[in-house]
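Visitor: I am new to this structure and would be grateful for a guided reading. Please show me how its features are to be understood.

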Amino acid sequence: MSRTQEIVMTERRRLLRAALGGSALAALAGMMGVRRLFAGERGPATARTADGPIEVHLQCFADDGRPLGPCTVRRLELSDTEWRRRLSPMAYYVLRQDGTERAFSGDHEKPDRPGLFRCVGCATALFDAATEFDSGTGWPSFWQPIAASNVIEKRDASFGMIRTEVRCAGCDGHLGHVFDDGPRPTGLRYCMNSVALRFVPRTA
Ligand SMILES: [Zn+2]
């Protein structure tokens, strides 16, 4: 290889590296009008312990609905076989395969009693029934989670759309998506799959 060829190759590599770099990608995304919802994943503080499980810092609630304050739990990690055994086929499809139930196929009506919605996979408290509203979409809809730490919000670019996915912080199961066309006071619409939630009436 001649000296000139070497210089050309080095320059090509430099340009390639620059093109693949974050700033170039951000500029490209800006030109293409891609909406950036937030920088990364939003969720509770987590740490993997020495022997494996991930510890998650959540807000816990008693069975009767009373808030118990901050708590640290181990993220529920099961094998595929164990998840299939624990969940109904539809809940498995939603929580473990990021599926979506058909609109109006599940229980999407606001309950007539106060209570909490918990994850069917791991029982983490996710939504207070007081924040549920009729969105007309056929999916249970809420204007805020029971605690920001109990859900993980993640950028989702599947199906050619930029959306924000919502997952359960206690088991990393897929719950649904959040959109910014909800009612006051937050203006958010947490659009959930009913099979991922279990309603527990408040008794306290
Ligand atoms: Zn869960």
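## Reading the model

Guide: Phe-159 is exposed, with 6 other C-beta atoms within 10 Å. A residue is called buried if 20 or more other C-beta atoms, placed from the backbone, lie within 10 Å of its own, exposed if 12 or fewer do, and partly exposed in between. Residues are numbered from 1 along each chain as its sequence is written. This is a predicted model, in which local features need pLDDT of at least 70, side-chain atom pairs count only at pLDDT 80 or more, and totals for chains, interfaces and linings use all residues.

Visitor: What is the mean pLDDT of the chain?

Guide: The pLDDT is the predictor's confidence in each residue, from 0 to 100. Here the chain has a mean of 84, and 77% of its residues reach 70 or more. Over residues 14-37, however, the pLDDT is below 50. Where pLDDT is low, the predicted coordinates should not be read in detail.

Visitor: Which backbone angle sets Phe-159 apart, and where does this residue lie?

Guide: Most residues other than glycine have a negative phi, and most peptide bonds are trans. Phe-159, which is not a glycine, has a positive phi of about 55°. Phe-159 lies in the loop between strands S8 (151-156) and S9 (163-168); strands (E, at least two residues) and helices (H or I, at least four) are DSSP runs, numbered from the N terminus.

Visitor: Is Asp-172 buried or exposed?

Guide: Asp-172 is buried, with 20 other C-beta atoms within 10 Å. Its phi is also positive, near 60°, and its place is in the loop between S9 and S10.

Visitor: Which peptide bond is cis?

Guide: The bond from Arg-184 to Pro-185 is cis, with omega near 10°. Pro-185 is found in the loop between strand S10 (174-179) and strand S11 (189-192).

Visitor: In what order do the six strands of the open sheet run?

Guide: Strands of a sheet pair through backbone hydrogen bonds, either parallel or antiparallel. In this sheet the order is S6-S7-S11-S10-S9-S8, with antiparallel pairing; two strands pair if DSSP finds at least two bridges between them. The edge strands, each pairing on one side only, are S6 (132-133) and S8. S6 pairs with S7 (residues 141-142) over two bridges, and Glu-132 has Phe-142 in S7 as its bridge partner.

Visitor: With which strands does S4 pair?

Guide: S4 pairs in the antiparallel sense with S12 (residues 197-201) over five bridges and with S5 over three bridges. Phe-117 has Phe-199 as its bridge partner in S12 and Phe-127 as its bridge partner in S5. S4 and S5 form a hairpin with five residues between them, and Ala-123 in the turn has a positive phi of about 70°. Four of the five residues of S4 are buried.

Visitor: How many residues does the largest nonpolar core have?

Guide: A nonpolar core is a set of buried Ala, Val, Leu, Ile, Met, Phe, Trp, Tyr and Cys residues joined through C-beta atoms within 7 Å. The largest one has 36 residues, and Val-120 and Leu-126 are among those with the most contacts inside it. Helix H4 (89-97) is one of the elements that give two or more residues to this core, and H4 gives the most, with four. Val-120 touches residues including Leu-87, Ala-91 and Val-195, where contact requires C-beta atoms, placed from the backbone, within 7 Å.

Terms used:
Contact = placed C-beta atoms within 7 Å. Lists of a residue's contacts leave out its neighbours within four places in sequence.
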